[in-house]
Structure formats: structure tokens, C-alpha cells
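Here is a short note for a first look at this protein. Read the points with the structure open beside you.

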Amino acid sequence: MIYNDAYSVFAGGRHPVLFGSKVREGWPEVADFNDNVMKVGLGGGTLSYRDQELTLHRKGFPEQVWMNLDYSPVMGENGRPTGVLAIVVETTQRVLMERALAKTEERLRQALNASGMVGTFDWHVQSDTFYSDARFAEMFSVDPAKGDKGAPLADYLAGIHPEDAERIANAVKHAVATGEKYVQEYRLLRKDGSIRWVEARGECLPGEHGKIARFVGVVVDITSQKNAQERQRLLAREADHRVKNIFANFHSLISLSARSARTPREMAQALRGRLDALLRAKDLVRPGIMGTEHASKQTTVDALVRTVLQPYEDGSPDRIVLNGPDVPVGAKAVTGLALALHESATNAVKYGALSQPNGSIHVTWDATGDDFHLDWDETGGPEIDVTPQARGFGSILAERSVTDELGGKIEHDWRRNGLRLKLSVPLERLAY
């Protein structure tokens, strides 16, 4: 081996003994590697390696190193290879730094994912080149490969919900024009049709002469928070609606109890029992509204219907007639079905058959094929001259519970002698 001064530094503690030695004996730990180099080089071939990893004993202990290696034959006077020229560039520090950087970036990605963050962005304003991480690009329906390469800002704005796009574009322009902090909430419309809410925060960085050069920031997925807010809003409206209905229910229960009771004491006992039954019916509704469906136990349609309608019974066998098989109702489905039954009963008490002494309700149900069917038939109530056009919040909530939560449908037939309601739900959803 004959080498220059730079190689003597690379050789470490093996210099100067290494100088003039045979390569196989000088580097015994990589003898097989060098055997191949010599074989190829003396055969007239060349070899090239980039960031080749080897374990060398330059300082008396094994050490991992990385090198760029280029080998070519040295031709003798006879025109044949007589040696091999090796150009060695150690890249150990660069490789270690790149690996450390990659590990840091991976930790950052994990931290971002754990915190619900979508990702970071860096918009080079003058060239209109928008850089982002792959996850950020995917959320905005942009090819993740464009995140590193860069793309026009318009590619990312195209992923924003049409109803929010103009507002966000104007907000970005305002931030660039004024240098003010950028904080916005908006929706993303995904390619699969789903909607995600995000909160974006950014700031502009000046370049030379104070002109805005870059716009950097982060975007956080806040879909779960928005859903929770919507749930709270719905809960508030539901609570208000329920309070109003409670007073209407109490009034009807008092009337029912007064008609059938013979003494004040008997009326008090009947009223107390009906109020207790009403509270039990409310408990069937509460789990779904409060988001605690897992705390409910599975029941049956028969038990559910009887619990909901028990407060309105007055002792007459023809007042409320129920008929149907034992069909299981799952812990989650019980909420939607209870809401629909409760709203129907409330409306019957206020406007329908149960508002009249001789009115009656027949509720029948069955399970055929893959579907559950329930019929609610009212007679003996006030005559219906005109089909109701306006629907209250309770009716809308009940219908949404059946259609959205249970995947079913509900139909109202406003006959002159009373309402007939038909409800159908897939059995698979009912048992969930």
C-alpha cells in the first residue's frame, strides 16, 4: 500500500506501519472486501461505492465508518493492470448527522401525530412554492410527493371546502400584506367526501429589504373538538325542548290521573307511579344523548315500548294496545328508537289520541327478512282537517335518530281519524 498524507489521517493508529504493507494484511477485518476489490481492479474493472459501511480497527477497537470509494486499475508498461488506485472519502460524520436528523424528524412526526397535528408548511411567497410534510399534503388532497418538491399554493387551497375557500384565500393575502399573525378555522373536503375541521396558525418572515419572503406555520386537526361542540349544542337544544315537554306531560298526567282516580289519595298514588315511569323512559333516552351508550344494557322492543308508554296508561285495556314479538334492541340503538317513540307519545298527549278521553293507540311490530317494522296507529283523537306543515325540533330529532343513527325510515300518514306512523329499521342496526 502506498498512500498520501490524507490517507494516513484516515488510517489512524495503523499509520505508519500500514505504509508499504499488503492491503489484505493491513486491513484484516475487511480482507474479503479488499480481495474482491483487487480481483476486479487487476482484472481491468472498476468499482464505486457510496456511503459504504465497514467496521475498521483504526484505534484499537471496532469502529463503524462510512466511505465513498472509487477503485480503478493502474496500468503497467505492458498495458496490463499492475495495481489498483483507491480514492477514499470518509462520510462518517455526514451519515451520522443525517441519521440523527432523521431520528429527530421521526420524533417530531410522532409528537405531531400524538398531539393531533396535521403538519407544518412553508410557503415561499415570491416563487409561490408551497412545501409541506406528506401528511399535511394528504389532508389537503395533494399528492404527498409534492410536499417535498413544492407546489403552487392554489393546489392546497383547492382542498378547502368551497364555502370556506374564498375566506381563507383572503385571510392569507391579508397576512402577507400586513404581516399580521394568521389564525383561521376551516373545513377540508376530502376526496372521499368526508369533511375535516382544522385550525391553521402561521406567520410571515421577511427577507431582504424587509419584504415578505416566507409564510410558515402549522395546521391542527380539530374535528373531534368541533363534533363535541356540535354535540353540546344539540344537547342544549334537546334539554330546552325536554323541559318544555315535561310541563306538557305533567299537565296530561294530572288530567289522566284525575279522570280515573276516585279519591285524592288514589290520584296522588297514580300520579306518582306515572311520573316514576316517565323518568324510567327518560333514562332510556339519556345514554345516547350524553354519549354513554356503553353503559346501557340490551333490551327488547316490547320492554322499550311499554316503558315509554307506561306513563300514559289510565287503566283502560283499550287505551294503549301493544302487540309484537321479542325483538332485541342494542345499547346504542335504544336511544334512537326511544326518541322516536317518546316524541310520538308526547305529540299524542298534546295533540293526538291521548289528548281525548276515548282516544287510543295501537302499536304493533314484527321482524321480517332483514328489517324491523313498527306501526303506530292513533284513533279517537281530534279530527285532522289539514296535514301539519311545520315540524317541531322534537319531531326533527326523532326522524334524524331513525334515519341517520339507525339507517331506517319513518313515514307519517295524517288520516282524518288519527295519525298512523310507520317505522322501519335494518335488524342489524337495531341490534347494535
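1. Start with the largest nonpolar core, which has 35 residues. Such a core is a set of buried Ala, Val, Leu, Ile, Met, Phe, Trp, Tyr and Cys residues joined through side-chain atoms within 4.5 Å. Buried means under 20% relative accessible area, with a 1.4 Å probe and protein chains only. W376 and L423 have the most contacts inside this core.

2. This is a predicted model: local features need pLDDT of at least 70, side-chain atom pairs count only at pLDDT 80 or more, and totals for chains, interfaces and linings use all residues. Residues are numbered from 1 along each chain as its sequence is written, and side-chain values use heavy atoms, leaving out hydrogens and water.

3. Helices are DSSP runs of H or I, at least four residues, numbered from the N terminus.

4. Helix α12 covers residues 333-350. Its 18 residues reach 26 Å from first C-alpha to last, close to the 26 Å expected at 1.5 Å a residue. That expected span is 1.5 Å times one less than the number of residues. Of the 18 residues, 16 are buried.

5. Now look at W376. Beyond its neighbours within four places in sequence, W376 is in contact (heavy atoms within 4.5 Å) with residues including L341, S344, A345 and A348. L309, I361 and L419 are also among its contacts.

6. Another core lies apart from the largest one. It has 27 residues, among them W123, M139, L153 and A175.

7. Finally, the whole chain. Of its 432 residues, 37% count as buried.

Conventions
Helix = DSSP H or I, 4+ residues; strand = E, 2+ residues; numbered from the N terminus. Buried < 20%, exposed > 50% of the residue type's maximum accessible area, 1.4 Å probe, protein only.
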